[in-house]
Amino acid sequence: VDLSGGEGLQAVAGSGDRTARLWDWPQGRELLCFPHEDWVWTVQFSPDSTKVLSGCEDSIAAVWDLRTGQRAVTLRRRSGGVNQAVFADPLDGVWSPQVGTAV
């Protein structure tokens, strides 16, 4: 579960029902549903709260555009589920566990 920092309090939650769902937190109303092929283990709002990142047991990390409700980016791991994924500052680079540093 993650809470937005943008206008209007929103929450995003991943689930074993193969979805990530965006909620209007104060109203308790579902706004969007993002389908996956397996359990959704991790979710996070982008720093500007315009996108959601979801990571799934099916080896997919997806970035969802909250304006359109559509998948904007799909990233696939070679094997294993995505149980943690976060938005990072582009100036920080991307962490490579193989190299042990940002690349």
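Trainee: In what order do the four strands of the open sheet lie, and what is the sense of their pairing?

Mentor: The model is a predicted one. Four strands make up an open sheet in it, and their order is 1-2-3-4. The pairing of these strands is antiparallel.

Trainee: Which strands are the edge strands?

Mentor: An edge strand here pairs on one side only. That description applies to strand 1 and to strand 4, residues 29-35.

Trainee: Which residue is the bridge partner of valine 12 in strand 3?

Mentor: Strand 3 covers residues 19-24 and pairs with strand 2 in the antiparallel sense, over five bridges. Within strand 3, the bridge partner of valine 12 is leucine 22.

Trainee: Where does leucine 9 lie, and how does its accessibility class follow?

Mentor: Leucine 9 is found in the loop between strand 1 (2-3) and strand 2 (10-14). Its relative accessibility is 37%. Buried requires under 20% and exposed over 50%, so leucine 9, at 37%, counts as partly exposed.

Trainee: What accessible area do the residues of the nonpolar surface patch have together?

Mentor: Leucine 9 belongs to this patch, along with Val1, Leu3 and Trp25. Together the four residues have an accessible area of about 430 Å².

Trainee: Is serine 46 buried or exposed?

Mentor: Serine 46 is located in the loop between strand 5 and strand 6. Leaving aside neighbours within four places in sequence, serine 46 is in contact with Lys51 and Phe87. Its relative accessible area is 6%, and the limit is under 20%, so serine 46 is buried.

Trainee: How far from a polar atom of the serine 46 side chain does the backbone nitrogen of threonine 50 lie?

Mentor: The pair consists of a polar side-chain atom of serine 46 and the backbone nitrogen of threonine 50. The distance between these two atoms is 3.2 Å.

Trainee: What is phi of serine 49 near?

Mentor: Serine 49 sits in the loop between strand 5 (40-45) and strand 6 (51-56). It is buried, because its relative accessible area is 13%. Its phi is positive, although the residue is other than glycine, and lies near 60 degrees.

Trainee: What is phi of serine 59 near?

Mentor: Serine 59 is placed in the loop between strand 6 and strand 7 (60-65). With 12% relative accessibility, serine 59 counts as buried. Phi of serine 59 is likewise a positive value in a residue other than glycine, near 75 degrees.

Technical notes. Residues numbered from 1 in each chain as written. Predicted model: local features only at pLDDT ≥ 70, side-chain atom pairs only at ≥ 80, totals over all residues. Heavy atoms only, no water. Patch = residues over 30% accessible without salt bridge, like charges linked within 9 Å, V, L, I, M, F, W, Y side chains within 5 Å. Areas by Shrake-Rupley, 256 points an atom, 1.4 Å probe, with all protein chains shown as cover. Salt bridge = Lys/Arg side-chain N within 4 Å of Asp/Glu carboxyl O. Helix = DSSP H or I, 4+ residues; strand = E, 2+ residues; numbered from the N terminus. Buried < 20%, exposed > 50% of the residue type's maximum accessible area, 1.4 Å probe, protein only. Pairing = 2+ DSSP bridges. Polar contact = N/O pair within 3.5 Å; in protein donor to acceptor, adjacent residues only side chain to side chain. Contact = heavy atoms within 4.5 Å.
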